[in-house]
Amino acid sequence: MSCCEGPSAPHDLTKPIDPNAKALLNCKAVDVNQLCPIKYTWAWEHYINGCANHWMPTEVSMQKDIEQWKDPNLFSLDERRVIMRNLGFFSTGESLVGNNIVLAIFKHVTNPEARQYLLRQAMEEAIHTHTFQYCCESMNLDQREVFNMYHEVASIREKDDFVMGLTADVMDDNFKTDSTENIQKFVKNLVGFYIIMEGIFFYSGFVMILSFKRRNQMVGVGEQFEYIMRDETIHMNFGVDLINGIKAENPEIWTPAFEQELVDLVKQAVGFEIQYAAACLPRGVLGLSADQFDQYVRFIANRRLERIGLAEQWPGAKNPFPWMSEVMDLKKAKNFFETRVTEYQSAGNLDWGDTTNTVETSGVFASKEEKETTSKSGGLDW
Ligand SMILES: [Fe+2]
Ligand SMILES: [Fe+2]
């Protein structure tokens with residue numbers, strides 16, 4: 001099987017491969033089934049790092065979270081909203097990323113070491129989706145409410161519609177990376193998912209949930225988010241290398257107009273993310289305010305732009321959450337395996353005790369703040 005279709009120079013794919021003939025897109029000279037010899041060592045390193053971080057949500061104890069969540073006096077309604085909204089956003093956001101890999105970008109990446117990483121990442125996204133099923137099940141949350149927020153909560157829907165539009169462009173059966181314009185479209189998808197979705201849209205949620213953990217609240221959910229954030233850091237690093245690699249191999253795509261298009265995309269995304277944080281925190285909780293997120297989102301967007309060779313757009317934006325960089329440095333050597341619970345607890349044996357004390361929140365977090373409930377997210381046939 002060749003790595004790609006269509007007319008190309010004659011070549012014999014049965015011969016041992018020349019790694020120098022490998023290309024990230026439109027490779028017509030190398031058998032895509034032969035991983036070695038490796039050309040793109042960065043892709044392989046991200047793969048190895050991802051394997052070293054392997055974890056499963058069910059290895060994290062949720063017992064404390066269950067007790068805290070059912071305590072009617074521990075959390076205000078505003079605090080519960082923050083937790084629910086973030087579970088709602090991530091529960092489907094993870095699937096959007098996984099589906100974008102499998103259904104849109106994978107077949108166009110014609111390099112086996114990059115594909116090896118994409119396969120690993122797709123599995124990690126499935127594990128992340130599993131995390132939210134596990135959180136819902138262990139905390140006895142309304143799964144339909146959590147998993148349907150991307151239709152019902154406007155600030156979540158806007159972010160998801162934004163990236164789903166970029167998936168649709170590449171998922172089209174007739175799409176090929178056979179022209180400058182189409183390679184630009186492909187790179188826009190990568191920027192949308194790796195830089196914006198995984199590099200910006202996830203970060204307000206990380207700050208909010210980890211703020212609870214810093215107060216010794218919802219520590220199980222917090223630990224899950226730490227592991228997800230560690231994975232996402234590698235996902236974004238891979239995306240940055242992939243984007244910069246495609247740019248180096250196809251320099252004609254990187255025009256001033258295309259740079260501006262990408263900057264505009266990031267600016268639009270920053271607007272969505274600031275709105276999302278404001279909708280999660282209408283009055284501020286845990287010492288967090290919408291104003292801080294305004295700064296934070298701009299700060300991280302500047303950092304992301306720099307990684308792909310684009311100028312920062314918000315000079316002077318500061319990080320109001322310096323403690324996040326410590327969490328981001330969570331090293332595997334530090335304590336990941338030490339903190340794993342030794343008695344693995346499946347959701348089936350979590351003790352809920354008397355469930356009549358469960359705080360009834362069904363429906364409260366999905367639609368109270370936003371009146372508009374008509375879905376615009378439909379149209380993509382996953
Ligand atoms: Fe993920
Ligand atoms: Fe990811």
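Burial and helix packing in a predicted model

Q: What makes Cys280 count as buried in this predicted model?
A: Cys280 has 28 C-beta neighbours inside 10 Å. The cut-off for a buried residue is 20 or more, so Cys280 counts as buried. Cys280 lies in helix α11, residues 256-280.

Q: Which residues does Cys280 touch, leaving out those up to four places away in sequence?
A: Cys280 touches Arg81, Val82, Arg85 and Met208. A contact requires C-beta atoms within 7 Å. The C-alpha atoms of Cys280 and Ser204 are separated by 9.7 Å, and the two residues are 76 residues apart along the chain.

Q: Why is α9 described as largely enclosed by the rest of the structure?
A: Of the 12 residues of α9, 10 are buried, so the helix is largely enclosed. The buried residues in α9 are Tyr203, Ser204, Gly205, Phe206, Val207, Met208, Ile209, Leu210, Ser211 and Phe212.

Q: How do you know that the span of α9 agrees with its number of residues?
A: The expected span is 1.5 Å times one less than the number of residues. For the 12 residues of α9 (203-214) this gives 16 Å, and the end C-alpha atoms are 16 Å apart, so the two values agree. Just after α9, Asn216 takes a positive phi of about 65 degrees.

Q: Why is Gly88 called buried?
A: Gly88 has 25 other C-beta atoms within 10 Å. The cut-off is 20 or more, with C-beta atoms placed from the backbone, so Gly88 is buried. Gly88 is in helix α3, residues 77-105.

Q: What does Gly88 touch, not counting residues up to four places away in sequence?
A: Gly88 touches Val146, Met149, Val153 and Ile156. Gly88 and Glu145 are 57 residues apart in sequence, yet 7.8 Å apart in space, C-alpha to C-alpha.

Q: At what angle do the axes of α8 and α12 cross?
A: The axes of α8 (residues 180-201) and α12 (residues 290-307) cross at roughly 140 degrees and come within 10 Å. The crossing is right-handed. Ile195, Gly199 and Ile200 in α8 meet Val297, Ile300, Ala301 and Arg304 in α12. These residues divide into 5 nonpolar, 1 polar and 1 charged. Gly counts as polar and Arg as charged.

Q: Which residues have the most contacts inside the largest nonpolar core?
A: They are Ile196, Ile200, Ile243 and Val297, in a core of 94 residues. The largest share of this core, 12 residues, comes from α8. Ile243 touches Val187, Leu190, Val191, Tyr194 and Ile308, not counting residues up to four places away in sequence.

Notes
Residues are numbered from 1 along each chain as its sequence is written. Chains are lettered from A and ligands numbered from 1 in the order in which they are written. This is a predicted model: local features need pLDDT of at least 70, side-chain atom pairs count only at pLDDT 80 or more; totals for chains, interfaces and linings use all residues. Axes are lines fitted to C-alpha atoms, for helices over the stretch in contact, and angles run from 0 to 180 degrees between N-to-C directions. Helices (H or I, at least four residues) and strands (E, at least two) are DSSP runs, numbered from the N terminus. A crossing is left-handed if the near helix is turned anticlockwise from the far one by less than a right angle, and right-handed if clockwise. Two residues are in contact if their C-beta atoms, placed from the backbone, lie within 7 Å. A nonpolar core is a set of buried Ala, Val, Leu, Ile, Met, Phe, Trp, Tyr and Cys residues joined through C-beta atoms within 7 Å.
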